[in-house]
Each structure stands twice: as C-alpha cells, then as structure tokens.
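Colleague: I have the model open next to the sequence and would like to go through it with you. Could we start with the tail end and work back from there?

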Amino acid sequence: MKEVMAIIRMNMINPTKRALSKAGISSFTAPGKVLGRGKGLVDFSVLEGARKGYQEAIAQLGPSPRLVSKRLIMVVVPDSKVQTVIRTVMEVNQTGNAGDGKIFVLPVLDAIRVRTKEKGDLVLDIDE
C-alpha cells in the first residue's frame with residue numbers, strides 16, 4: 001500500500017479529481033490550499049505588476065523567496081494502482097512550465113476502517 005501525495009496548481013484541482021475518478025480512483029483527500037515554493041524565487045503577482053510597469057513591483061523583484069498557493073491531493077492505493085495515479089496526475093498537470101507540481105510516493109504500513117475494523121487493502125475504496 002502506498003500514499004501518493006500530489007502538489008498541483010490551484011486551477012487544476014477539479015480536472016485532476018475528474019481524471020482520478022475516471023481512472024477508477026474514487027477516494028482521495030484534498031485538504032485545501034497549501035503554500036510553498038520550489039527552486040524558483042518568483043512572486044507571480046509582483047512579476048505581473050512589474051510587467052504592467054508599476055515601479056513598486058519592479059523594486060520588489062529580486063531573490064527573496066515567496067510562497068505560492070497550491071493544492072494538495074493525497075491518495076492511498078494498493079501498490080498495483082500507484083502508477084495509475086501517477087500517470088493520471090501527470091497527464092492532467094504537466095504543462096512543461098515551472099510550477100506544474102510535485103508527486104511524492106510514501107509507504108503505508110497499514111490501514112484500518114474504523115466502522116468495521118477491516119484492515120489492509122480491503123479498506124481502500126478502489127474500483128477494480
């Protein structure tokens with residue numbers, strides 16, 4: 001069992017949810033907005049202001065790290081479905097531009113359904 005965590009652009013959450021559902025991955029968690037940054041040191045709102053010629057924005061451009069709003073999706077799946085999740089997230093979110101996101105795959109030792117006490121892959125709501 002693995003947890004696949006995907007950090008994606010804000011505007012890609014709904015297309016990603018639809019694509020995961022279509023791929024048979026109906027259960028996942030999207031805890032909301034997250035803030036972060038990769039290697040880039042660009043504040044996109046300041047950059048836009050600089051493009052419009054605002055002197056205040058131009059003065060702020062520089063190497064200071066800025067946090068960018070993203071969305072986080074977490075999916076726990078059997079090992080056999082990990083590549084399906086990764087492929088689906090990549091197909092929807094890959095534009096070739098910086099900021100497309102990141103995918104992390106983590107081991108999950110066990111899962112337990114509270115209501116029935118079922119354990120392991122049985123608790124995962126995955127269409128087979």
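Colleague: What is Val123 in contact with, leaving aside its neighbours within four places in sequence?

Modeller: This is a predicted model, and in it Val123 is in contact with Ala111, Ile112, Arg113 and Glu118 once neighbours within four places in sequence are left aside. The C-alpha atoms of Val123 and Ile112 are separated by 6.4 Å, although these two residues are eleven residues apart along the chain.

Colleague: Where does Val123 lie, and is it buried or exposed?

Modeller: Val123 lies in the segment after β4, and it counts as buried because its relative accessibility is 12%, where the cut-off for buried is under 20%.

Colleague: What about Asp121, buried or partly exposed?

Modeller: Asp121 is also placed in the segment after β4, but its relative accessible area is 45%, so it is partly exposed. Its C-alpha atom is separated by 8.2 Å from that of Asp110, eleven residues apart along the chain, and, leaving aside neighbours within four places in sequence, Asp121 is in contact with Met1 and Pro78.

Colleague: And Lys117, what is its phi?

Modeller: Phi of Lys117 is near 70 degrees, which is a positive value in a residue other than glycine. Most residues other than glycine have a negative phi. Lys117 lies in the segment after β4 and is exposed, with a relative accessible area of 67%.

Colleague: Back to Pro78, then. Where is it found, and what does it touch?

Modeller: Pro78 is found in the loop between β3 and α4, and, leaving aside its neighbours within four places in sequence, it is in contact with Met1, Asp121, Leu124 and Ile126. Pro78 is buried, with a relative accessible area of 9%, and its C-alpha atom is separated by 9.5 Å from that of Val108, 30 residues apart along the chain.

Colleague: Let me step back for a moment. In what order do the elements run from the N terminus?

Modeller: The protein chain has four helices and four strands, and from the N terminus on they run β-α-β-α-α-β-α-β. Buried residues make up 30% of the 128 residues. Among the contacts with a separation of 6 or more, 79% come from residues 24 or more positions apart.

Colleague: Now α4. Why does its length make sense for a helix?

Modeller: Helix α4 covers residues 82-93, twelve residues that should span 16 Å at 1.5 Å a residue, and its end C-alpha atoms are 17 Å apart, which agrees.

Colleague: Which residues of α4 are buried, and what covers them?

Modeller: The buried residues in α4 are Val82, Thr84, Val85, Ile86, Thr88, Val89 and Asn93, and what covers them includes β1 (2-9), α1 (13-22), β3 (68-77) and β4 (102-107).

Colleague: Can we take Val89 by itself? What does it touch?

Modeller: Not counting residues up to four places away in sequence, Val89 touches Ala6, Ile8, Thr16, Leu20 and Ile103. At 4% relative accessibility Val89 counts as buried, and its C-alpha atom is separated by 7.6 Å from that of Ala6, which is 83 residues apart along the chain.

Colleague: Which residues touch the most other members in the largest nonpolar core?

Modeller: That core has 19 residues, of which Ile8, Leu20, Ile25, Val75, Val77 and Val85 touch the most other members. At least two residues come from each of β1, α1, β3 and α4, and α4 gives the most, with four residues. In soluble globular proteins, nonpolar side chains tend to be buried together.

Colleague: Changing topic, what lines the second largest pocket?

Modeller: The lining is made of Glu3, Ser27, Phe28, Thr29, Met74, Val75, Val76, Ala111, Val123, Leu124 and Asp125, and it divides into seven nonpolar, two polar and two charged residues. β3 gives the most to this lining, with three residues, and about 190 Å³ of space lies in the pocket.

Terms used. Residues are numbered from 1 along each chain as its sequence is written. This is a predicted model: local features need pLDDT of at least 70, side-chain atom pairs count only at pLDDT 80 or more; totals for chains, interfaces and linings use all residues. Side-chain values use heavy atoms; hydrogens and water are left out. The expected span of a helix is 1.5 Å times one less than its number of residues. Buried means under 20% relative accessible area, exposed over 50%, partly exposed in between (1.4 Å probe, protein chains only). Contact means heavy atoms within 4.5 Å. On a 1 Å grid over the protein atoms alone, a cavity is a set of points where a 1.4 Å probe fits but cannot get out, and a pocket is an open set with protein on both sides within 12 Å along at least five of seven lines; lining residues have an atom within 4 Å of a point. Grid points are joined across faces, edges and corners, and a volume is the space filled by probe spheres set on the points. Ala, Val, Leu, Ile, Met, Phe, Trp, Tyr, Cys and Pro count as nonpolar, Asp, Glu, Lys and Arg as charged, and the others, Gly among them, as polar. A nonpolar core is a set of buried Ala, Val, Leu, Ile, Met, Phe, Trp, Tyr and Cys residues joined through side-chain atoms within 4.5 Å.
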